[in-house]
Amino acid sequence: IRDVAVTGVQTCALPICTMVAQTGLLVAHPSLPVKNVKELLALARAKPGQILYSSTGSGGFADLSVVLLTSMTNTKMTQVNYKGGGPAATALLAGETQLLVSSPAAAAQQLAAKRIRLLGVTSDTRLAAFPDAPTIAEAGVPGYEYRGWVGVFAPNGTPKSIIDRLNGEIKKAIDSPDLKKRLEDFEPWTMSPAEMNARIKSDYEKYGRLMKLVGSKLD
């Protein structure tokens with residue numbers, strides 16, 4: 001997102017439309033004596049730094065989603081890095097760690113087998129695939145929201161008429177049954193160019209704060 005039209009940033013691209021988002025699932029090993037986010041935070045306060053969470057590296061999705069949670073709740077958990085999502089998930093299943101933020105696709109089979117416990121989702125709305133799982137905001141951390149997204153951009157100077165037409169065509173494609181099936185592991189998520197630009201600005205602010213928190217331990 002570095003070259004997008006954001007106040008104070010060199011503008012080399014213009015937002016057209018977001019396409020998909022991906023929400024994380026906050027999952028726990030069954031040995032962790034918590035059944036929801038409130039119990040997790042209570043345990044983290046009682047035992048600061050003793051809850052271990054799997055990560056694929058400082059500054060990555062699995063790390064920053066937990067860093068956001070701990071920074072908003074004044075709690076401390078300990079990051080354990082692994083070389084990829086597979087090893088990070090394997091560590092959780094083995095009980096080497098107690099917590100992980102996973103993608104829905106990666107966690108679904110283990111959740112069905114009850115090898116891990118779902119505490120909440122990182123988006124600000126519930127997921128259709130897991131309707132009983134509350135958002136972390138609902139579960140006791142108002143304002144929490146963390147998810148990745150993919151969008152389309154145009155070169156700076158592209159006429160607004162073309163931006164608007166492309167936005168409409170992308171939305172139409174995302175809404176088509178065929179493409180929805182192809183994107184079933186993701187969440188179709190479209191915005192207007194103005195909405196996308198506002199999202200980019202808010203993400204810059206959010207990630208800027210988080211990167212300052214993890215800056216001393218970047219891998």
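Me: Which residue in S7 stands opposite alanine 13?
Reply: Residues are numbered from 1 along each chain as its sequence is written, and side-chain values use heavy atoms, with hydrogens and water left out. Strands (E, at least two residues) and helices (H or I, at least four) are DSSP runs numbered from the N terminus. Opposite alanine 13, strand S7 has proline 155.

Me: How many bridges join S1 and S7?
Reply: Two strands pair if DSSP finds at least two bridges between them. Strand S1, residues 13-23, pairs with S7 in the antiparallel sense. The number of bridges is nine.

Me: What is the order of the strands in the open sheet?
Reply: The sheet has three strands with antiparallel pairing. Strands S7 (147-155) and S8 (187-188) are the edge strands, each pairing on one side only. The order is S7-S1-S8.

Me: Which helix packs on the sheet, touching S1 and S7?
Reply: Touching here means contact, that is, heavy atoms within 4.5 Å. The helix covers residues 193-214, and its direction makes about 125 degrees with that of S7. This is helix H7.

Me: At what angle do H2 and H7 pack?
Reply: Axes are lines fitted to C-alpha atoms, for helices over the stretch in contact, and angles between N-to-C directions run from 0 to 180 degrees. Helix H2 spans residues 61-73, and its axis is 10 Å apart from that of H7. The angle is about 90 degrees.

Me: Which residues in H2 meet H7?
Reply: On the H7 side are Lys206, Tyr207, Leu210, Met211, Leu213 and Val214. In H2 they meet Asp63, Leu64, Val67, Leu68 and Ser71.

Me: Is asparagine 74 buried or exposed?
Reply: Asparagine 74 lies in the loop between H2 and strand S4 (78-81), and has a positive phi of about 55 degrees although it is not a glycine. Buried means under 20% relative accessible area, exposed over 50% and partly exposed in between (1.4 Å probe, protein chains only). At 73% relative accessibility, asparagine 74 is exposed.

Me: What is the phi of lysine 114?
Reply: Most residues other than glycine have a negative phi. Lysine 114 lies in the loop between helix H4 (104-112) and strand S6 (117-121), and is exposed, with a relative accessible area of 71%. Its phi is positive, about 60 degrees.

Me: Over which residues does pLDDT stay under 50?
Reply: The mean pLDDT of the protein is 90, and 93% of its residues reach 70 or more. Where pLDDT is low, the predicted coordinates should not be read in detail. The stretch with pLDDT under 50 is residues 1-11.

Technical notes
This is a predicted model: local features need pLDDT of at least 70, side-chain atom pairs count only at pLDDT 80 or more; totals for chains, interfaces and linings use all residues. pLDDT is the predictor's confidence in each residue, from 0 to 100.
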